[in-house]
Amino acid sequence: MTRFKPWPRSLAGQMALLIALALLVAQVINFGMILHDRSEFRLAQATRPVATRIADALDREAHGGRALSPDRGRVRRLPANPISPAMFERHPEVATELRRQFADLGLIVGRIDTGLRPATDETSDAHRRDGLRRGDRQGATLLIAIEQPGRGWLAITAPWPQPGWRLLLAVLTQTAILYIIVLLPVLWIVRRISRPLQDLRRAAESFRPGDLGAPMPPHGPDDVVALIAAFNALRLRVTGMLDEKDRMLGAIGHDLRTPLAALRVRIESVEDDVDRARMIDTVAEMNRTLDDILSLARLGRPSEPLTDVDLAALVDAVVEDFRDIGSDVSFVETERLRMHLRPSLIRRAVRNLIENAIKYGVSAEVRVEAGAKTVAIVVADQGPGIPEDRMGDVFDAFTRLESSRNRETGGIGLGLALARAIVREAGGEIRLVNRVGGGLDAIIELPR
């Protein structure tokens with residue numbers, strides 16, 4: 001089951017998500033600032049007209065004007081606090097702001113109490129008189145009571161608009177506009193950058209030394225164009241270095257095989273049959289070692305083309321070669337299995353596994369197992385197996401679990417390394433498994 005990953009893996013997805021999150025955070029901060037400004041505006045709207053009206057009413061009353069009454073006028077004088085603790089919601093910030101404004105106007109007051117009164121038709125009329133928009137008329141009015149020491153209480157109402165859906169809708173609309181204006185160009189430029197990068201990745205994955213093909217056409221921003229040009233130049237340099245390596249290996253192989261061939265001819269003049277046979281085996285072993293080293297070094301650029309072959313028949317032919325020289329090797333017959341591969345290299349890998357099985361396990365049983373997506377070539381021996389902590393070591397070049405360099409107990413440690421390199425070049429994998437009852441299974445897995 002595929003595990004869900006909330007964080008996108010692509011460059012375009014990561015940049016789009018980061019910018020979207022940044023815009024969201026910015027809009028949250030902006031929304032908080034708007035709410036704060038609205039709160040300050042509401043406080044000013046509720047206190048400044050109140051302070052002015054009370055100051056004007058008291059001034060008119062002090063200069064012989066109409067006295068404040070308890071039943072009419074915007075500012076009314078009452079004998080007691082009209083705000084009941086059980087009925088109203090307090091807003092102490094309004095009382096604090098009013099006390100500051102009264103001090104600026106030179107008015108001496110006692111307690112200041114506030115309470116929120118539910119919306120009524122009278123409330124809507126008061127809002128309309130104060131010029132509030134319909135969206136701001138929702139909610140309640142604020143009843144404010146101011147104590148005048150020795151003279152009772154002054155009562156006045158002020159509009160107290162509630163934040164409605166208009167503010168939220170405005171913020172959401174602003175956010176949508178920002179996303180459209182900012183994200184769309186960002187997605188376009190990121191796509192313009194990521195597309196040539198994806199093409200470059202595919203070109204790097206499909207690059208095979210010796211098969212240059214056409215260079216990748218540069219496109220995209222200048223930095224990406226420069227990267228593609230550097231990749232094209234790197235392909236040429238790598239191919240040139242590999243060509244030089246192949247020429248050097250060819251010269252080394254020729255220079256080494258020539259004296260070995262001359263040595264083989266001179267060995268024939270040795271009179272002692274035992275010494276002559278040992279010398280001939282030594283020269284043959286040196287030739288096989290040289291072949292392994294050159295094959296391992298050239299694996300990156302195989303000269304053999306891919307061919308449709310019967311894999312079962314190919315493995316059977318390798319087993320027959322060992323039978324012809326008297327080795328205890330058997331093959332489990334199987335149906336024909338068509339595969340597209342390089343037959344000489346696969347034959348070399350299977351032969352190396354069988355040689356390894358015979359050296360350390362006396363005998364070998366070879367079988368081909370076809371699966372839905374892979375084909376396995378299994379070489380089973382009857383040897384002691386390999387310690388689990390050394391399984392990976394045996395595939396390293398020039399590594400042997402048996403530390404001596406005795407030819408009777410194996411070569412120089414290139415057989416498994418060469419086999420794994422061949423199988424991986426074919427897109428497969430090779431692994432070793434200790435059997436429960438004893439013995440070792442060397443398994444080549446190739447894609448169908």
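1. The model is a predicted one, in which local features need pLDDT of at least 70 and side-chain atom pairs count only at pLDDT 80 or more, while totals for chains, interfaces and linings use all residues. Residues are numbered from 1 along each chain as its sequence is written, and side-chain values use heavy atoms, with hydrogens and water left out.

2. The protein has nine helices and 11 strands, these being DSSP runs numbered from the N terminus (helices H or I, at least four residues; strands E, at least two). Of its 448 residues, 35% count as buried, where buried means under 20% relative accessible area, exposed over 50% and partly exposed in between (1.4 Å probe, protein chains only). Among contacts (heavy atoms within 4.5 Å) between residues at least 6 apart in sequence, 65% join residues at least 24 apart.

3. Helix α4 (residues 165-206) packs with helix α5 (residues 222-267) at an angle of about 10°, and their axes are 10 Å apart. That makes α4 roughly parallel to α5, a term for angles under 35 degrees; the axes are lines fitted to C-alpha atoms over the stretch in contact, and angles run from 0 to 180 degrees between N-to-C directions. From α4, Ile193, Pro196, Leu197, Leu200, Ala203 and Ala204 meet Val224, Leu227, Ile228 and Phe231 of α5. The residues of this contact divide into 10 nonpolar, no polar and no charged, with Ala, Val, Leu, Ile, Met, Phe, Trp, Tyr, Cys and Pro counted as nonpolar, Asp, Glu, Lys and Arg as charged, and the others, Gly among them, as polar.

4. Threonine 239 also has its place in helix α5, and it counts as buried because its relative accessibility is 8%. Its C-alpha atom is separated by 9.1 Å from that of arginine 208, 31 residues apart along the chain.

5. In helix α7, the buried residues are Leu311, Ala312, Leu314, Val315, Asp316, Val318, Val319 and Phe322; what covers them includes β5 (307-310), α8 (343-361) and β9 (374-381). Aspartate 310 caps the N-terminal end of α7, with a side-chain oxygen 3.2 Å from the backbone nitrogen of alanine 312. After α7 comes glycine 326, whose phi is positive, near 90°.

6. Glutamate 97 lies in helix α2 (residues 92-105). Leaving aside neighbours within four places in sequence, glutamate 97 is in contact with Leu43 and Thr47.

Notes: Angles under 35 degrees count as roughly parallel, over 145 as roughly antiparallel, 65 to 115 as roughly perpendicular and the rest as oblique. A polar contact is a pair of N or O atoms within 3.5 Å; within protein, one must be able to donate a hydrogen and the other to accept it, and residues adjacent in sequence count only if both atoms are side-chain atoms.
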